[in-house]
Amino acid sequence: LIFCDHLLLPKDFPKLKNDAFLLACRGQETPHVPVWCMRQAGRYLPEFRESRAGKDFFATCRSPAACCELTLQPLRRFPFDAAIIFSDILVIPQAMGMDVQMVAGKGPTFPEPLKEPEDLLLLQSKVDVNKELDYVFKAITLTRHKLEGKVPLIGFTGAPWTLMAYMIEGGGSTTQSKAKRWLYRHPEASHQLLKMLTDIIVEYLLGQVAAGAQALQVFESHAGCLGPAEFQEFSLPYLRDIARKVKDQLKESGQDVPMIVFAKDGHYGLEDLSQSHYEVVGLDWTIDPRSARERTGGKVSLQGNMDPCALYAPKERIYEIVKKMLEGFGTRGYIANLGHGLYPDMDPENVGAFVEAVHAHSRHLLNLK
Ligand SMILES: Cc1c2[nH]c(c1CCC(=O)O)Cc1[nH]c(c(CCC(=O)O)c1C)Cc1[nH]c(c(CCC(=O)O)c1C)Cc1[nH]c(c(C)c1CCC(=O)O)C2
């Protein structure tokens, strides 16, 4: 039999061998606390830099074989309990007709960002998600096969506010003042754009599940620049809509896929996020584990939240920090992760020490029970 990778179908997937991550998403018992890292496929790995060398970032995102290889790389080194598909949140603005380039040393850049509400007319409002983002679905299907059931595969998307902010700022920004100007000056146009994005995101996530994604994470990376009132109006309703619509649709076909919401620096919204139809709330390092547990009252599983910079510490110190974190969160309904993505200058050995510490210390705590 000759198998052609690009002909692999989203069915007959290999049997899952390690379900600790999926069990933890649902608050069920696990033999150890599962762990993965945001940006685990990244430049801190020499093999990643070599695979990416000289190639355009978004061209890489469009190659299912490249995405599959980059997704698998960290798993060859470390016993992570989940894989996250290599892609980017900005493939959605691209599918809506915007040009996005990855500029070395600067990050993602939109040569023609949205400036005024009239610019919304330039966007493709009815995106054929299955056609425009087909390459992501192919990458997911291929990767799910190539994972051979080692660990579950996580799909993801940017949340509406975070994508809107990129589309208006045209790149990274510390204040997000251009995007926030829209919220205060053009609230109706803002809602129009957020609604447009929500509809596309729902279809995109459903497509990822159909392609083989076993969990979904929604990145609201720019929650931190909103205050509680703006979050209530411009972020939370859309985050809720996404989870409800995805879940309703999946239920119709008898499927159930855990969803994670990660609102970076959105500590003011923690109670609300824990009542937003997501099984898991991701946390950054500005929240104390015990208070996060108290504030979410056992309604959700929690994921996070070690400061990525703590990985610069010597290994013994990493172990101590992990120990405290595990004791704060407890071993049930908990997925260890960083509070944001791994930095490109991280020593892979320290990432390994982090994973090892989570597994070893959580097994120790679970054996005491
Ligand atoms: C805001 C955001 C983006 N992309 C993403 C977010 C949300 C998460 C967050 O808050 O960080 C999401 C993302 N981007 C990438 C992943 C892959 C999966 C994983 O976590 O391993 C994920 C989940 C790959 C990537 N996306 C990017 C890289 C690094 C660039 C490269 O490989 O050349 C990777 C591995 C590029 C990217 N893409 C984006 C930024 C800000 C950058 C960094 C630019 C830089 O550091 O030069 C937009």
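Guide: Start with the pairing of β6 and strand β7 (residues 280-282), which is parallel and runs over 3 bridges. Two strands pair if DSSP finds at least two bridges between them. Strands are DSSP runs of E with at least two residues, helices are runs of H or I with at least four, and both are numbered from the N terminus. Within this pairing, Val261 has Val281 in β7 as its bridge partner.

A word on the source: this is a predicted model, where local features need pLDDT of at least 70, side-chain atom pairs count only at pLDDT 80 or more, and totals for chains, interfaces and linings use all residues. Residues are numbered from 1 along each chain as its sequence is written.

β6 also pairs with strand β5 (residues 215-220); 5 bridges join them, and they run parallel. Here Gln217 stands opposite Ile260 in β6.

Now the burial. A residue is buried if 20 or more other C-beta atoms lie within 10 Å of its own, exposed if 12 or fewer, and partly exposed in between, with C-beta atoms placed from the backbone. In strand β6 (residues 259-263), 5 of the 5 residues are buried, so the strand is largely enclosed by the rest of the structure. Met259, Val261 and Ala263 point one way; Ile260 and Phe262 point the other way. In a regular strand the side chains alternate between the two faces of the sheet.

Helix α7 (residues 134-146) comes next. Of its 13 residues, 10 are buried, so α7 too is largely enclosed by the rest of the structure. Among the buried ones are Val136, Phe137, Lys138 and Arg144. The buried residues of α7 pack against α4 (64-77), α5 (91-95), β4 (153-158) and α10 (187-211). Contact here means C-beta atoms, placed from the backbone, within 7 Å. After α7 comes Glu148, with a positive phi near 55°.

Last, Cys61 in helix α3 (residues 57-61). Cys61 counts as buried because it has 21 C-beta neighbours inside 10 Å. Leaving aside neighbours within four places in sequence, Cys61 is in contact with Cys67, Ser87, Asp88 and Val91. Leu75 is 14 residues from Cys61 along the chain, and their C-alpha atoms are separated by 19 Å.

Notes. Two residues are in contact if their C-beta atoms, placed from the backbone, lie within 7 Å.
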